[in-house]
Amino acid sequence: MTVQGLFSGRANAAAMISAVPRIAIVGRGFSGMMTAIALMKTVRAPFHLQLFDPNSSVSGGQALASARASTILNTRVRDLSVAVGDSDDFNDWLCTNAAFRAAVPAAIPGFRQIFVPKDIFSDYVYQRFSEALAARRDITVQVCNDPVVAIRRSHGTRFLLESANPANPLFDTVILATGYGLSDPHAEEPDASPVRAQRLVARPHAVLLGSGIRVVDQLLQLRDSGYAGQVTIISRRGFLPQSHTPNSADPVFPAEALPESLPDIVRFIRQACREAEEEGRSWQSVMNGLRKHARSLWRSLPAGDKRQFNRHLRAIYDSHRNRLPEAIHLRLQRELAEGRTVLRRGRAGRRGLSGLFFTPAGSSVEEIIHAERIIDCRCQAPDLSTPLMESLFSSGLAMPDELSLGLAVTARGEPFLEDGSTVVGLFAVGPLGLGSLPDIDLVPEIVSQAYAAAERIGERFYPQVKAV
């Protein structure tokens with residue numbers, strides 16, 4: 001399907017496509033849609049954009065998967081704007097939404113401090129995409145549902161995207177926005193796979209696998225749908241998300257020079273949190289301030305310290321940076337206090353006829369947890385063994401980061417190679433660069449990176465045209 005910009009005539013569409021730079025975005029989750037918006041707002045000259053994703057619908061990616069009205073984003077409205085330099089854009093959009101404004105009257109005159117359902121945010125992103133497209137008479141956008149299985153260089157500086165369609169054209173620029181990986185549109189929903197031998201379970205019992213926001217979402221969705229059985233959450237490290245403060249915590253961080261070794265950095269941050277609370281602030285304000293230093297700290301660590309952080313500290317860090325709205329955190333704490341939900345630390349194994357094999361932390365003895373339903377809520381790391389990723393590595397277009405969490409990328413998403421050079425015309429926006437850029441899975445960081453990539457693309461094709 002091809003969509004021309006507003007008032008663009010169909011008769012000259014084909015000619016225009018062949019005469020202007022061709023840009024491909026692989027993935028139509030939030031990272032992909034955000035990059036498309038940034039391109040349409042930043043590159044002020046004609047181009048053709050093609051969006052690839054096997055899913056026929058526009059989604060929010062894995063981080064926003066299974067969005068329902070009861071599922072709340074864990075980021076405040078003020079931090080979810082897709083308009084660079086205008087942090088109030090999402091708030092302004094909500095203020096013009098009569099149905100939402102009527103449902104949340106207590107937030108008048110604005111909604112900056114509140115948390116909203118994921119589907120509301122998805123509506124906002126898609127409308128901003130539609131508006132950006134409607135404002136451009138000089139571009140075309142084409143949507144392709146064929147999965148991309150390989151990306152290779154062709155004709156010097158151009159790229160060939162291999163898919164089920166053998167007639168795919170060459171592209172001048174390719175943006176990988178696959179997040180945690182492109183999902184299979186034919187795969188079952190995670191909560192649609194109960195254990196086969198349900199009659200072996202004495203009482204209703206569900207097992208949730210994971211430790212992040214998604215596992216809490218799933219727990220509360222079960223309860224909201226009337227599920228009254230026992231729930232067991234299995235977390236590898238035993239951590240669950242912490243709470244946001246009632247109002248946004250302004251970032252603070254000590255001004256003195258940061259230490260260089262990982263143990264000293266950890267002690268420094270813990271001390272900063274204690275001092276903040278003694279002074280009447282919150283540890284959340286320190287964690288918010290840490291985000292401004294996270295990338296420079298990460299770059300300064302040797303590979304051994306990075307691996308140690310990933311093994312032993314990442315779960316703690318994620319539980320403190322990916323926080324829950326206070327009301328939802330209170331619901332979670334009540335579930336745990338009442339015993340209806342139990343948190344168990346350890347490793348989930350294979351599924352059996354009546355439940356899940358489980359090895360508790362500190363033990364080598366495997367046990368079985370009987371359950372009639374097992375729901376995997378874990379956010380998986382990008383799969384670097386897929387044909388698409390393997391094609392990039394074998395073609396010398398990218399390399400894994402030093403922890404193999406994703407691709408090695410610069411701040412604006414350009415893959416870099418062992419000699420330090422970057423690959424011209426190729427970008428990886430969003431969580432695919434998490435091993436190089438801490439917090440690149442969060443909305444504000446994705447927005448900034450998308451605009452930085454779009455600005456670089458505009459400079460490359462139209463160096464005389466000033467970006468806005």
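These exercises work through a predicted model of one protein.

**Exercise 1. The whole protein**

State how many helices and strands the protein has, and what share of its residues is buried.

*Solution.* 
Step 1. Take the elements. The protein has 13 helices and 15 strands.
Step 2. Take the burial. Of the 468 residues, 50% are buried.
Step 3. Turn to the contacts. Consider those between residues at least 6 apart in sequence; 71% of them join residues at least 24 apart.

**Exercise 2. The length of helix 11**

Check whether the span of helix 11 (residues 326-338) agrees with its number of residues.

*Solution.* 
Step 1. Count the residues. Helix 11 has 13.

**Exercise 3. Helix 6 against helix 11**

Describe how helix 6 and helix 11 are arranged, then name the residues that meet.

*Solution.* 
Step 1. Two packed helices are described by the angle and the distance between their axes.
Step 2. The axes of helix 6 and helix 11 cross at roughly 75° and come within 11 Å.
Step 3. Classify the angle. Angles of 65 to 115 degrees count as roughly perpendicular. Helix 6 and helix 11 are therefore roughly perpendicular to each other.
Step 4. Name the residues. Helix 6 brings V216, L219, L220, R223 and D224. Helix 11 brings I328, R331, L332 and E335.
Step 5. Sort them by class. The contact of helix 6 with helix 11 has 5 nonpolar and 4 charged residues, and no polar ones.

**Exercise 4. A covered helix**

How many residues of helix 2 (residues 30-42) are buried, and what covers them?

*Solution.* 
Step 1. Check the span. Helix 2 has 13 residues and reaches 18 Å from its first C-alpha to its last, close to the 18 Å expected.
Step 2. Count the buried residues. They number 12 of the 13, so helix 2 is mostly covered. Among them are F30, M33, I37 and L39.
Step 3. Name the cover. It includes strand 2 (22-26), strand 3 (47-52), helix 5 (118-134) and helix 13 (443-461).

**Exercise 5. Two single residues**

Decide whether A398 and S391 are buried or exposed.

*Solution.* 
Step 1. Locate A398. A398 sits in the loop between helix 12 (387-394) and strand 15 (426-428).
Step 2. Apply the cut-off. Buried means under 20% relative accessible area. A398 has 5% relative accessibility, so A398 is buried.
Step 3. List contacts. Beyond neighbours within four places in sequence, A398 touches L392, F393, L407, P415 and L417.
Step 4. S391 lies in helix 12. At 3% relative accessibility, S391 is buried.
Step 5. List its contacts. Leaving aside neighbours within four places, S391 touches V149, A150, I151 and R152.

Terms used
Residues numbered from 1 in each chain as written. Predicted model: local features only at pLDDT ≥ 70, side-chain atom pairs only at ≥ 80, totals over all residues. Heavy atoms only, no water. Helix = DSSP H or I, 4+ residues; strand = E, 2+ residues; numbered from the N terminus. Expected span 1.5 Å × (residues − 1). Axes fitted to C-alpha atoms, helices over the stretch in contact; angles between N-to-C directions. Parallel < 35°, antiparallel > 145°, perpendicular 65-115°, else oblique. Contact = heavy atoms within 4.5 Å. Nonpolar A, V, L, I, M, F, W, Y, C, P; charged D, E, K, R; others polar. Buried < 20%, exposed > 50% of the residue type's maximum accessible area, 1.4 Å probe, protein only.
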